[in-house]
Each structure stands twice: as C-alpha cells, then as structure tokens.
Amino acid sequence: MQKSTRISDFLTNIQTSDGYRGQIVHIQHLPPREPVYRDPVTPISPTIRNALESMGITSLYSHQAEAIDLISGGRNTAIVTSTASGKTICYNIPVLEALLDDPEATALFLFPTKALAQDQLRVLGHFCSADPALMDLVRAGTYDGDTPRETRRKLRNNANVILTNPDMLHQGILPYHSRWSRFFGRLRYVVIDEMHTYRGIFGSNVANVLRRLRRILNHYGVDPTLVLCSATIANPGELAEALLGDACAVVSDDGSPRGPKMFVLWNPNFIDSHRMERKSSNVEAHSLMVGLIEAGIQTITFTKARVVAELILRYVRDALSRRNPHLVKKVSAYRAGYLPEERRQIEKALFSGELLGVASTNALELGIDVGSLDASIIVGFPGTIASTWQQAGRAGRKTDEALVVFIGYNDPIDQYLMRYPDYFFGQSPENAVIDPANPYILAGHLSCAAFELPMSEEDETIFGSLTKPVLTVLEDVKRVKTIDDRTYWATTEFPAAGVGLRTISDDTFTIVDATAAEKVIGNVDAISAPELVYPQGIYIHDGHTYQVRDLDLEGKVAYVERKEVDYYTQPILESSIRVKNEKKDGARGDLLVFFGDATVSWKTTSFKKIKFYSLDSIGYGSVDIPTQHLETVALWMYPDAEIVSLIRKKGMNPIEGLVGLKNVLINILPLFVMCDRQDIGGLVESSNVGKPAIFLYDRYKGGLGFCEKAYDLLPRIMEGVLQVIEECPCESGCPSCVGLPVLRPPQHQDPDPGHGYPIPDKETAKLLVRRILERA
C-alpha cells in the first residue's frame, strides 16, 4: 500500500472510530510542489558528477544550481529553502571542486551544536565515499570540546575541512590563530549552517566572532566566500548581512519537490460538564502515535519539555507492549541530556528506518539528518510560527503524502489557535533580530580582538563606528593600551574566557545511576539541574523512572536510582525580582518610570506528584536547594492613582491592563532595542513598590543595555504599543496583541496539567496606553 493511501486511510479510520468525538477542528490541505531542475552554469567536474550519480542524484534542483553558481563565483550567499531540500549539496559541491582544483585549499564549517557538526561530517563522508578520488582528497574532522588533544593537533596540521561551532572558534581557535596559519592561509570557504538560530544575544555575539574571523583572515591575506543556510524566517537577507557585516545574495526560490501534506489541528475533548478541563494532550498524542506506528507510518512527535518526550515514549511503549510487543523497540525518545553516543545511535536508527517513532524535544528541529519522515505530531504551540513550520517540515518524503498533527494544550494561546485556524495559517515566520554593535557585546569582542592582534584604525571598517569609543573606555579601565596608533591587549587575562556567546550556562551536571555501578546515564546544564534532578523527584530516562537520591551541587553530580512508580513529578518554582537601586527615574504622563540594577531569583521550592495518564495530583514533596540569581538591570513602571481609579470606575481590572501592556512591550521591544524576544524577561508584581508594577529585565548577567535603551525610547515605544493593540482585528485579545509572552518559563515542566496564562483584556490595556500617551 502506498504511503499516501495509508495516511489518508489512517485519518479516515480515526474519524470513524468509536473514540472519535470531533477532536479534528481543522484540516489544511497543503498542495504538492513539482520539482524544478536546472544545471548550473558553473561546470561540475566528472569526479563530482560520478559521486552524485552513485547517490542517485542525476539532476540538481534550481535553487541548488543558483547557489552553486553564486558561491563558485565568489558571492557570499544565504540559502533559505525548506527542510530536506538539499541545502548541503549547495555548498559541498563548490567546496569539493575547490579541493579538486587545489588539494591544499581549506574550508571551515560552523554549526550551532556539536551534534550537528558530527552529523554533517557523516554526510560529507557519505558524499566522498561515492568516489575513491574524493575519499583520498578530503581530510575532514570535527574540532570541538570533545576532540582529543592529539586529534586536534593532527587536524590543525593536516585537515582541509574543519567542522566546529562558534564557541570553539571564539575560545579555542581565534585566540591561537598562529597555530592555524596553514589552514587559514588557504581558506576558500566558510559555511555557517542553521543561520536562523543566530538571533538575539547569541546571534549578536556570533556576528562579532565572524568579524574577528574576517580580521584574522585579512591578516593571512585571504578573503573566503561565506555561505549561510537557514530555515524560513521573515528577513533572511537582513540577518545574513548583519551576521557577516558584508553584502550577501539570497537564494530562496525552492526547486525541490514536495508531496501533498495534510495539516490537522486536533483539540482534545472536554471531560467535565463545566467545559473547563480537557483530556490530556499527551495521552491524545500517544494514541495517535501508536496508531501511526502500527500502520507503519514513521512518525516524530515534538514536545515542549524533556519530561513530555519521556512521558509520551513511556505511554507509547506501554500501549505497544499490550497490542504489538514486537514494535516496542521501534520507538525511542530524543532530547538534550542523553549521552552523545545514545543520540548518534537514535539518529542512525531513525535514518535507516529501524525506528518507526521518536518522541523529541526541539533538539531534532535543527537539521540533523534523520531522513524524511511520514508524519509529525506537534504537542503544544512551540512558541513561534517559524519553529512550528520547522517541526512540520520534518514530515514529507519528496512526492509522498505527509501528515502533520498539531495538538493543542488547554491553555489560552493553543486554544486561540484551535478556534482561529485562519490566523495560524495566515501568519508569516518571525523576524530574526541581532545587534552586533551593542556596546556591551562589542566591548567583550574588541577585547578578544586586541588579544588576537593589535588593533588599528582600519578595524573600524570591520567592527563599526563604535569601535574607537569602546576602545577608549577599555583603555580607561586599563584593559588595552594604545602605542603609536595601535591598540594592544594590556593584561595577563584571557579575554575570551570572560565572554560567553550564549545565555545558558556552560556548566553541566552528570546524572549517575547509583544502582548500576555508578553508570553515567545523562547530563543537564547547571541552570536546569535544580528544575530537573531535585532530591526525591522522579527523573525519566528512556521511558524508565528513576528517583533522585542526591543532588551534589559542589561536585555537579545528580545520583539517581531505578524505581518503578506510577507517577511523575513536576517542579514548583518560586521567582521574584528585587530592585537594588534606581539609576534613572521620571514620569511619562500618568506613568512613573524607573531604571536601575535588579536581582532576579528563582528556585525549586517543592514538587507535585502527578499520576500517569489521569494527571491526578497524588501528593507533594518539599525541596531544599539554594536559590539561583541573575544580577542584571531592569526597567519598571506603574500608573498613578488617578488612572487606576479611572479604570476601576469603568468596571475594568487595572492588573489586566498592566499584564496586557507588559506582553505587548515584550513583543515589540526587539524592534526598538535590537534584541530577540527571549532576551527580555518580564512580570507584573507589587512587592517592590507597594502597588502593581511592570518589570522588564535583561536576561543576561550585568545587562546588555536593552532595558536602558527602552527607558530612553519609552514614548516612541508606547506609540508602537497602541498601534499594535488598535490595529489588531481581534475583539478581546489574542496572541498578536495583548497575549502570548510568558518569560522565564519553567524549562522542564509538563504543560499538560496546567492551563497556561489567560489572555488579558484588550480594552483595558488600550485604555491604559491611550491615557498614558494623552497625558505624556
């Protein structure tokens, strides 16, 4: 039976089954797309043509031909096409042609994660294995934190293709560029994959790392062609040029084929007479996944948290063990925290078809090559339209029919999307925003650049107009010293060690099974550990339940032991913000506004035991672990008593207006202060000023100037807020205006038992903002 028939039959069987109660609220039929082939103008050598033909590739898609011509012609190029459209071939062919032309030429590939670099090394190896000449020619390897010291030396001295990540380039390669003189001196291509992940703070840092790389390459007299690959975003050309600091062509006319795809919105039924509680979304997901696997339809289920991926795996295995025991081993989970070798085995089994199903976090949203699957189940809105389509794109094998099922949680945002499917399918992916010239970020990278090579006036063309003022500040604090118009690093410190590219912690906790000769079964980053492996909590790994015996904070080890229980645990978090001082204050009409230093704190105080399947709460436990702190800067504001009284007289709730205003502020701040939405935290609380107030803070140690810039631009920002609210066509509030932002969300909580945060009243927020602007 053809796959397209099986998928259509599966949906028909679901809709005619006894358990179906109208959960399908919408089906969007996405039409197929015919392939468009074209030969590149650039000649392709017989060696590479033979390799392509041995892999079954006899023609190139039009976007591949366009990209090959641009790249081979020396044009910086961003390739922005769909998942599984063959973007890798776009850069592998020019790179291999360059190596055939000059075996001593080199290429540098950058990936946001070590796992992706390993995956793409396998892809390159597979390409080269198709022709003995390429096998002899290409000397490739991954160079990252897991690479042994002796292997690193061999790669520096002999490799012509290096695959690494921005963190290693920043701390382990650029500061020691003299060791790389052979490699850098012959560099022809730099490939930057998964460009869409380089946004916000991370993207702004990576943009400066790339500027430092270009500066080092200038020193060695080379000017390589830069190639970027990306999933669909709203502004690929703008992001590419901001990352590179240089012009960049964009290839976006996708010539790859796409089979028909059915995109189903599935809303679990109410289970109570008051129509407040819905059936578990996780249980619904597992039922669909079991049915798809039993029909031989290879399926990936995307979840919003690690615990949900493990729950769905457990539920699926339980069902299959009763109904089709031979299929139990054909399903797995995939998430951060698994050991690298486990993840490689899962990727290989998924690619080969040995696995029929995988429950994954967004770890498989990135372009790790696991082949194209038949169905994708998305449990809960991932948070952005771009991520939703990226996850949906994992389903679809060229011309075969594919299925995507988006299952809503019982929270306001998911339910809004269930009620208004036209809103969801009419939204375009979000913009990716970076600000390489942010002086806080720039200061760190100019320090690194001065360490790498003395700086001169010419460097302003690379780092921008703020280069000289920032270097002056660094000289005032004796970090650098200028002699004869050249600026040198002036301390014994290693500056790259003090500049983190990401907002997450580099520290990791090891998770050890104390009942199995202290076998390491996983890991977790230091910030997440108190939310995932707190004492007496249940940790789920590969569908099995473990109880946490001890969390050694000094040794960074969590000791767990196998324990078969019929429940899982959910951390209960307590978070707060404390103002330390006021650096700026003023009034904007009826709004009192402040800026200063603040401490954001959060900790796991207790946990709830939740029964598998039913979600019944069966008890609580207390947790005694230290509070985590973020020392940062904040902007806070509250309306005066007159406007609060006015709102109350109209029968409205002032707090709803403040929450709505806070949500819109977070949504539009990136347009004014050049950050990503995830770079800003926010809440409404009363403990600091004795009345409800909006607090916004930089989600980065010490702050990066976002909230300070927002303080200065607040009147303009408020005009933008009012425009967003007034121009939104919804009646009472939606994710596009006063809804959506939930900042500092629990990273490891199952959304299923909760109900999210209600969408605040649009009219109250509108009245509040209008009054503020009228009186300003």
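1. Thr-388 counts as buried because its relative accessibility is 0%, and buried means under 20%. This is a predicted model, and the value is computed from it.

2. Where does Thr-388 sit? Its place is in helix α15, which spans residues 385–392. A polar atom of the Thr-388 side chain lies 2.9 Å from the backbone oxygen of Thr-384.

3. Now the surroundings of Thr-388. Neighbours within four places in sequence are left aside here. Beyond them, Thr-388 touches Phe-263, Ile-378, Phe-381, Pro-382 and Phe-424. Strand β9 covers 261–266 and strand β13 covers 375–379.

4. Next, the sheet. It is open and has seven strands, in the order β1-β9-β14-β13-β10-β12-β11. The pairing is mixed. β1 (24–30) and β11 (331–334) form the edges, and each pairs on one side only. On average, neighbouring strands are turned by 15° against each other, direction ignored.

5. β10 (residues 299–302) and β12 (residues 357–360) run parallel and are joined by four bridges. Which residue in β12 is the bridge partner of Thr-301? That partner is Ala-359.

6. Helix α12 (residues 281–294) lies across β9, β10, β11, β12, β13 and β14 (402–407). Its direction is at about 175° to β13. Helix α14 (residues 340–352) lies across β11 and β12. Helix α14 runs at about 130° to β11.

Key: Residues numbered from 1 in each chain as written. Predicted model: local features only at pLDDT ≥ 70, side-chain atom pairs only at ≥ 80, totals over all residues. Heavy atoms only, no water. Pairing = 2+ DSSP bridges. Helix = DSSP H or I, 4+ residues; strand = E, 2+ residues; numbered from the N terminus. Axes fitted to C-alpha atoms, helices over the stretch in contact; angles between N-to-C directions. Contact = heavy atoms within 4.5 Å. Buried < 20%, exposed > 50% of the residue type's maximum accessible area, 1.4 Å probe, protein only. Polar contact = N/O pair within 3.5 Å; in protein donor to acceptor, adjacent residues only side chain to side chain.
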